[in-house]
Amino acid sequence: MSAEVFSYESLVHAVAGAVGSVTAMTVFFPLDTARLRLQVDENRKAKSTPAILADIVKEEGLLAPYRGWFPVICSLCCSNFVYFYCFHWIKNAWLKGRLSTPSTDLIVGIAAGVINVLLTTPLWVVNTRLKLQGSKFRNADIRPTNYSGILDAFEQIIRKEGVGALWNGTFPSLLLVMNPAIQFMIYEGLKRQLRRGVPRELSSLEVFIIGAVAKAVATTVTYPLQTIQSVLRVGFIYWSCSKAWTFGLNFFFSALLSYQFGQFNTPKERSKLLSNLNKRLMEMKDLL
């Protein structure tokens, strides 16, 4: 059993997954900054990504889009190492040389995701707060922080909010294990389709395309949960769980409807649509 857990193949997959995710996050980190600001700051107007980044640079400085890069990279490296290691270890231990199926990939992905969430959520709580520290928000509910680094953030959160605060957002995170599980299921399924008939190694371009398709589908399906997760990790003072869920659904459906349907192209039409959506969602919130 120990040989299966500490196998060289699982280690290679884990290191490759960690390095790949760190490289990708470093390149696209400003986009992740814009995403997080929109998710947690309900009073920030939704604009195009370049416009949001331009506002951040203008208000907070040229390096603001890369604020919190180091703690995020540390968390991402640890998280992906754990996930890829567990995924390939569980898969190899379960299949024992047999061919995999989409359902097997999904179950293994969920199991690896649960282990990853329980082990690495404290890192993500800390890095989310560090990434937003010093940001200029439109929302007065956001609690200002003053952390000097990762260890100081851990110490202050435990002292002021208790150890349990390090696992804020665990419930939506556990639901979000479906994200990488769906991604891996689609990825492995597409890979099997491309290899059908003639077993071969896929080219880098093929791997890139099927990986991008799998991630896009998984992210779209689970995006409302990601918004709720971000809100809970930041630590709003006055936000209950029901309000976080309402805000997550509000953000998701507002963005989806406003930008996906062609009839809402002008600012006036989008504003009217969002106003109507907010009114309906406020009615929903009163019932929660």
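A residue counts as buried when its relative accessible area is under 20%. With that cut-off in hand, take T170 in this predicted model: its relative accessibility is 14%, so T170 is classed as buried.

T170 sits in helix α8, which covers residues 170–175. What does its side chain find there? A polar atom of the T170 side chain is 2.4 Å from the backbone oxygen of W167. Leaving aside residues up to four places away in sequence, T170 is in contact with V117, L118 and T121.

## D105 in helix α6

Next up is D105, a residue of helix α6 (residues 102–132). Its relative accessible area is 0%, so D105 goes down as buried too.

Which residues does D105 touch, once those up to four places away in sequence are set aside? The list runs to F87, K91, S100, M185, E188 and R192.

## How α9 and α10 pack

Now for a pair of helices. α9 spans residues 178–195 and α10 spans residues 204–234, and their axes come within 8 Å of each other. The two axes cross at roughly 155 degrees. Angles over 145 degrees count as roughly antiparallel, so that is how α9 and α10 run relative to each other.

As for handedness, α9 goes past α10 in a right-handed crossing.

Note on methods
Residues are numbered from 1 along each chain as its sequence is written. This is a predicted model: local features need pLDDT of at least 70, side-chain atom pairs count only at pLDDT 80 or more; totals for chains, interfaces and linings use all residues. Side-chain values use heavy atoms; hydrogens and water are left out. Axes are lines fitted to C-alpha atoms, for helices over the stretch in contact, and angles run from 0 to 180 degrees between N-to-C directions. Helices (H or I, at least four residues) and strands (E, at least two) are DSSP runs, numbered from the N terminus. Angles under 35 degrees count as roughly parallel, over 145 as roughly antiparallel, 65 to 115 as roughly perpendicular and the rest as oblique. A crossing is left-handed if the near helix is turned anticlockwise from the far one by less than a right angle, and right-handed if clockwise. Buried means under 20% relative accessible area, exposed over 50%, partly exposed in between (1.4 Å probe, protein chains only). A polar contact is a pair of N or O atoms within 3.5 Å; within protein, one must be able to donate a hydrogen and the other to accept it, and residues adjacent in sequence count only if both atoms are side-chain atoms. Contact means heavy atoms within 4.5 Å.
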